[in-house]
Amino acid sequence: MLSSCSKYLDKTPDEDLTLKDVFANRLHTEAFLTSMYAGQNWEINPVDPPSRAPWTGASDEMEITFPGSYSHSLNNGGWNSQNILDNWQFAYQTIRKANLFLENIDQLPFQDGYTQENKNSWLGETYFLRAWDHFMVFRIYGPSPIMDRAWNTSDDFKTIKRSPVDVIVDFIVKDCDKAAELLPISVSSDKLGRATKAAALALKARVLLYAASPLFNGNNDFKAFKDPEGVNLFPQNYDANKWKIAADAAKACIDACEAGGYGLYTEPGNDPLQNYTNIFLQNHNKEVLWATNYQAYQHLERCSNPIGYGGFSIMSVSQQLVDAYRDDQGRPIVTGYNADGSPVINSATGYTETGFTNAAGKYWPAGVSNMYINREPRFYASVHFSGQMWKNTAIQMWYSGKDGASKNASDFSKTGYVLRKFSNPLINVITNTGWDLKTFIYFRLGEQYLNYAEALNESQGPVSDVYKYVNAIRTRSGLPELPAGLSKDEMRAQIWAERRIELAFEGHRYFDTRRWKIAATTNSGNLYGLNITSGNSATDESFYKRTVVEKRVFIAPRDYFWPVPQSELDKDPNLQQGMYW
C-alpha cells in the first residue's frame, strides 16, 4: 500500500489528474482504492478528537485525562449538532470514492499486468469498504441515507433522505455478500490490511447482530420516527427471527474462517496471560480477520504508560471495569452496587478491599492490595495497578508515588489505574527506543465466537453450541467452563460479561451498551476510581478508597444516537435531525 501511495504521489507539479486519468493507469487506479482505507477513523486513538473514535472514553470502561478529548462532551451532556464530531462527512466521503471506483473501473484496460483477478479483488475491496462505511454511519446515527451512486453537483441533494433500518441493513449485507464472492479468505503478507472474504463475512455477522438487538429491533422509543413521506424508519414490531439470521451469519463466518486457517490465538506455552496479551502484539496473527496498519504509532504507548515510565497516564481505567474482571475461578467478585456506590461483594470469592498480600502469585507481586489478587488473567493483561510490576519496576499511582497525581499538573491517571492492554513491555518511552509496528484489530475470530453465542442463545436458548463457543474463549483465558444448566437469561448475563472483558477497549462496549439499551444505566451517574489525591506509600489504605471521578450524563432515549451535524441539515432538511434532538 505504501509503495503504491509513493508512486501515486511522486508526480510532476503540473500533473493534475482527472477521473479519466486515474482510471487509465493501473497505479493511479490502485492508489485511488488505497485512499479509501486512509479515510477511516483512527480507532487506535480514543483520546484525540481528530481520530473520530471516542468510544472507549465515552463508555464505562475509562476516563480520558486529556481535557481536549471529545469523550468529555459525550459524558457531561455538552454535545449537540453544532459541535458534534463530523464522522458523517468522512464516512460519506469514502462511500463516494467507492461509488466512483465502481462506476469507472471498467475504463481501466487490461494491460501492464492488470488482470481480471486484480479487478475482482479491487471490486471486492470496494464493495466491502462501501458496506463498512455505511455501517460506521448506521451504528452512530441509526437510519441513514444509502448512497449507491456517486452524486454530481448537478443533482438535487435535497432529495437525499434517511433509509429505514431494515433497508440499510439489507444494503450492507448485500455489499458484504458481493465482497465475499470476489475476495480471497486471506491475503499474502505484502497485502496485510486489505479487505478479505473473512472481513466481509465478519462485517455481515456484526451488522445482523446489531439489527437483531433491542435498539434496532422493535424499539418503541423510535416507533414514531418517520421520513418526510411518512415511512417508518424503525421496525414497528420485534422480530425474533432476526436473531436466527444473525446466528447463521456468525456461524458461516466462523466456519469459513476456520476452514481458511484462522483460529483463536494461543502462545506455544498456552499461558493465559500471554495468550491474551499477544493477540494485540503479534500483528496479523491467525485470529485477526481484519486490522489496520499504523506503522510505529507512538501515541498509544505514551498515553497508556504511567508517568514514571515516560507516559501520560491519559487512559484511566474505571473502577467499574476493574470490578467486572472476575476471580480466577470465573466468579463475579462484585454482583452489584448499593445506593451509596459501595460494592455488593460475592463472599464466595474471598474478595476484600482491605489489606495487602504477603505472598506473590503467578501474576502479582507480594505487597499489592488484596483487591488485585486471585483475579482472572485478562485483568493482569489489561490494567496497570499500583504495586504491579511493569518493565522491571513497581507501578506507584498513589498520590506521592512516581506515577501519582503529584508528579504532573495535568497528565496523571484520574482513576488510579491505567490501560495496559495493547502496550509492549519492550518499548522504553523515556529513551524513545524499541518502537514496534502497531495495528488496530477491527474484526477477530474471538468476537465472532461471542456474536454467534449471543445470537444463538437469543434464538434457541443455551444449546450446546452456545456453551462450546463461550467456553472456548474462557478456556483460552484460563477460566473454567460455564456451569451446566443455565437458563437463557443466565446465559445472556454470562455472554454480556464475557464480551465486556474479552473485547474491552476494542470499541465494542460503547455500542454494546447501546444496542442492548442499557447505556442509560452504564453511562449515567457516578464513574468511580481510587482516591488519587491521597496516599504516601504502597500500603497507604487512604489511596485504595472508591472515589467519584465524574458524574456522567446520559439522556435516554435521545443519546442512543448521535445528532446529524447541523451543517448537513442546512444543506438538506430532508435528512431530518435525529429524534429527540
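The lining of the largest cavity consists of 13 nonpolar, three polar and two charged residues. Here Ala, Val, Leu, Ile, Met, Phe, Trp, Tyr, Cys and Pro count as nonpolar, Asp, Glu, Lys and Arg as charged, and the others, Gly among them, as polar. The model is predicted: local features need pLDDT of at least 70, side-chain atom pairs count only at pLDDT 80 or more, and totals for chains, interfaces and linings use all residues. Residues are numbered from 1 along each chain as its sequence is written, and side-chain values use heavy atoms, without hydrogens and water.

**Cavities overall**
- The whole structure holds nine cavities of 30 Å³ or more.
- A cavity is a set of points, on a 1 Å grid over the protein atoms alone, where a 1.4 Å probe fits but cannot get out; lining residues have an atom within 4 Å of a point.
- Grid points are joined across faces, edges and corners, and a volume is the space filled by probe spheres set on the points.

**Largest cavity**
- Its volume is about 180 Å³.
- Among its 18 lining residues, Glu43, Ile44, Phe422, Phe440 and Phe505 are the closest to the centre.
- Strand β10 (residues 439–444) supplies the largest share of this lining, three residues.
- Strands (E, at least two residues) and helices (H or I, at least four) are DSSP runs, numbered from the N terminus.

**Second largest cavity**
- The second largest cavity has a volume of about 90 Å³.
- Its lining includes Glu43, Trp132, Arg139, Arg206, Phe440 and His508.
- α6 (116–141), α8 (197–212) and β10 each give at least two residues to this lining, and β10 gives the most, with three.
- By class, the lining of the second largest cavity has six nonpolar, two polar and four charged residues.

Methods
On a 1 Å grid over the protein atoms alone, a cavity is a set of points where a 1.4 Å probe fits but cannot get out, and a pocket is an open set with protein on both sides within 12 Å along at least five of seven lines; lining residues have an atom within 4 Å of a point.
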